[in-house]
Amino acid sequence: MTKIDAKIPDGNLAEKWTKFKSSVPLVNPSNKRSLEIIVVGSGLAGASAAASLAELGYKVKVFCFQDSPRRAHSIAAQGGINAAKNYQNDGDSVYRLFYDTIKGGDYRAREANVHRLAEVSGSIIDQCVAQGVPFAREYGGLLSNRSFGGTQVQRTFYAAGQTGQQLLLGAYSALQRQVGMGNVELFTRHEMLDVVTIDGKARGIIARDSVSGALERHFGHAVLLCTGGYGNVFYLSTNAMGSNVTAAWKAHKKGAFFANPCYTQIHPTCIPVSGDHQSKLTLMSESLRNDGRIWVPKKENDTRKANEIPEDERDYYLERRYPAFGNLVPRDIASRAAKERCDAGFGVGSSKMAVYLDYAAAIIRYGKGEANKHNMHSPTDEEIQSMGKAVVKEKYGNLFDMYKQITGEDPYEVPMRIYPAVHYTMGGLWVDYNLMTTVPGLYALGEANFSDHGANRLGASALMQGLADGYFVIPYTIGAYLAAEIRTPSMSTDSEDFVNAEKAVRDRLETLMNIKGSKPVDYFHKRLGKIMWDECGMARSEKGLKASIKEIQALQKEFWSDVKIPGEINNLNPELEKAGRVADFLELGELMCIDALDRNESCGGHFRTEFQTEDGEALRDDDKYAYVAAWEYEKQSIFKLHKEELKYENIKIAQRSYK
Amino acid sequence: MEGNLNLTLKIWRQKNTQTAGKFETYQVSGISTDMSFLEMIDVLNNRLIEEGDDPVAFDHDCREGICGMCSMYINGRPHGPNRGVTTCQLHMRSFKDGETITVEPWRASAFPVIKDLVVNRSAFDRIIAAGGFISVNTGNAQDANSLPINKDNADDAFAAAACIGCGACVAACKNASAMLFTSAKISQLALLPQGQIEAATRAQAMVAQMDEEGFGACSNTGACEAECPKGISIENIARMNREYFSATFSSK
């Protein structure tokens, strides 16, 4: 049995990272010039890693499947990025960010990694501002903050509802600067289809040029997967259409363990599904819970319009159940509470699978505030409404516009209808403290790894982690590996290992093309998504999971005998690309169910109906399940479990309470 | 779900960059008004696949109006008839039953067609690589609040930075000019104190790259601003011109 070693440095928690940085082996500048690094994915983690490593002098190649690195799905992150700056003087600190993250993750994350994340969080904001990222500011010219779920301080930095866009464009600018200087070679419209290992070490990748269909071999002394999460296994999610697990899954099949695959984040505030045609779901930022109030009617199956339901007939169920955090409870809790109300028959809208997110009170509050500011002593209701709406527009305008575009309803006039949707995956490739997978030389950064969020991620922490990994972690930790690689010359890609890897990729593509079945790829993807959502979504049970594993195995067989892929192998062929990704999702979905079945407890986003408290909260079992489940691929449908025990030396593990 | 539409689609089909393209006509029926324009194309494509035809290739990814990947020229306008939205956020309730809709790729020699509605916009990446950045290596930065920035300037910089790089401005311009795209980045950085140090070289390098890519001169018609899904202001072009000319006159 392979022993997994997280390589956590010795010493006190608060000193581990400082000591590590001071003692990690270095690569001198002239040696860096002859070391090649492949970065797959160009989101926050990939772009920041590639730019930072190129600045250090390494030779970097960047691959992305989109037409430009700026399109990576980090661009769509809305609400903000956390950092323990304590600019608001409200009691924030590195320790508190660390503590909130561990608690928010329901005590299933690794202490040392999370503490490091909190330590570097401040430097991220500094770096982004220096790059020209236009964060929101106060009139005094200093940075503005807001609150996110699971915290009681204001530590979230933001740029309207487009924070991910601005951060990514900052990292993209840094990356393009290195491209212009010739330090990074960029391969857009390229999809990684396998990792090449030689003598057990990652030495390169096989990539397909999506335009010509040509397969390419690329060597690297190290390979970094910054390829995001796998929420699209559910078919409908807030992920981009192209977001996929393929790079991570290929790595998994080449020996990289996959950790906690069942930890999925279902985001509470998304626009509800409107029909069968729906191709994706759209998030309404968690930042809206700063000012919006969530409610359903007190009366079951109430058919009145929202504005016709009087105040005392509304159930603000989050404020009722969790008075200390109210509408700002963590995502997993808010999602389950919405599902509970809808399942009980109190849902709203035509589908009855939605709850209200209401801005009426916030508009009045802001309107009165503006009236005071402008010395208006008896403003009319219209004036209050109009001034209040203007404030809301400045804070959340783009989100309100998006809601109106999609639903055709005006959220300034009627409450938004929202429902939970798949948003983020905490699980991912298992990595050690250095962000290296179980394959030497193969790293995973950002959402693609599992390391920092435990069983539930707090809002505004994904951007923080992606940039922490890329800007401030990997530039140090990669030295631990590459310092021993300075005598390894650049390898020819004509070796047997590269040739065989390419042949395997080609064979698989040809097999897919030659099935010539009767159903489009989407047909299988939708069916997989339904199984996953019904049985491995917000509530999971032993019975349902066991049945799902069988159903998914049957669906895999059906896919490989009946999928129909049009077009040619040597041309731009989006259906062929999609087919390869869905084939991988079909295998991953099975592993997610296996993992969910293994974990006989409820924690964070993983809720097993058999394990809940009397009032419906998640019931953890710390004696048996305080471990990271790292799965090794053995063969089709056979995965071996390795456990990394989680030790809490600095935080007292406790039942999570937001009441 | 609201009413269903029956539509005639005239879509540009082109096998690859080398081959000439032409319009093909398709009928679609039972289109829900709640669908996005791209979901309507999904319906057509799944039917084409089942019928054994090659589906229409088009760029798309986030489908929430921010990645800038979708790029359809619909009834003679980039991203279709509505103002301030990308194609993915254009919904079928904006069309009438029985309507004929013409769909083309972006037309610009600097954006060669790759296939059907997919074009190559890598010229934009090269314009950014020429100077659309502040030269600050990771780790160089000082504390973020050590540099207060006037809120109006910060807001204007943000408004310029909201550009999604979709290329609608180029597609809308009769000269296929990339002035709005280029000026948005130059403005964002020129408005911030961090960007001042390299302002002159940035403006010159980015404009030079823009010209080298084959984009045309500004037509002064304002079509770019009118069609921009993110409302990027044409004032940015004026600011770019000021930056560029002052850089040119003061250059050594």
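Q: In what order do the four strands of the open sheet in chain A of this predicted model stand?
A: Let's start with the sheet itself. It is open and its pairing is antiparallel. Read across chain A, the order of its four strands is β16-β10-β18-β19.

Q: Which strands of that sheet in chain A stand at the edges?
A: Look for strands that have a single partner, so that one side is left without a neighbour in the sheet.

Q: Which residue in β18(A) stands opposite A:A259?
A: Strand β10 (residues 258-259) and strand β18 (residues 627-635) of chain A run antiparallel and are joined by two bridges. Helix α16 (residues 574-598) of chain A packs on this sheet, touching β10, β18 and β19 of chain A. Opposite A:A259 stands A:A630.

Q: Are α5(A) and α12(A) roughly parallel or roughly perpendicular to each other?
A: Their axes come within 9 Å and cross at roughly 85°. Angles of 65 to 115 degrees count as roughly perpendicular. The helices α5(A) and α12(A) are therefore roughly perpendicular.

Q: How many residues of the contact of α5(A) with α12(A) are nonpolar?
A: Among the residues that meet here are A:L117, A:V120 and A:I124 in α5(A), and A:L467, A:Y471 and A:F472 in α12(A). The contact also holds four polar residues and one charged. The nonpolar count is nine.

Q: Which element gives the most to the side of chain A that touches chain B?
A: The contact takes 63 residues from chain A and 69 residues from chain B. Elements giving two or more residues to chain A's side include α3 (44-56), α6 (163-180) and α11 (381-407) of chain A. With nine residues, the one that gives the most is α6(A).

Methods: Residues are numbered from 1 along each chain as its sequence is written. Chains are lettered from A and ligands numbered from 1 in the order in which they are written. This is a predicted model: local features need pLDDT of at least 70, side-chain atom pairs count only at pLDDT 80 or more; totals for chains, interfaces and linings use all residues. Two strands pair if DSSP finds at least two bridges between them. Two residues are in contact if their C-beta atoms, placed from the backbone, lie within 7 Å. Axes are lines fitted to C-alpha atoms, for helices over the stretch in contact, and angles run from 0 to 180 degrees between N-to-C directions. Angles under 35 degrees count as roughly parallel, over 145 as roughly antiparallel, 65 to 115 as roughly perpendicular and the rest as oblique. Ala, Val, Leu, Ile, Met, Phe, Trp, Tyr, Cys and Pro count as nonpolar, Asp, Glu, Lys and Arg as charged, and the others, Gly among them, as polar.
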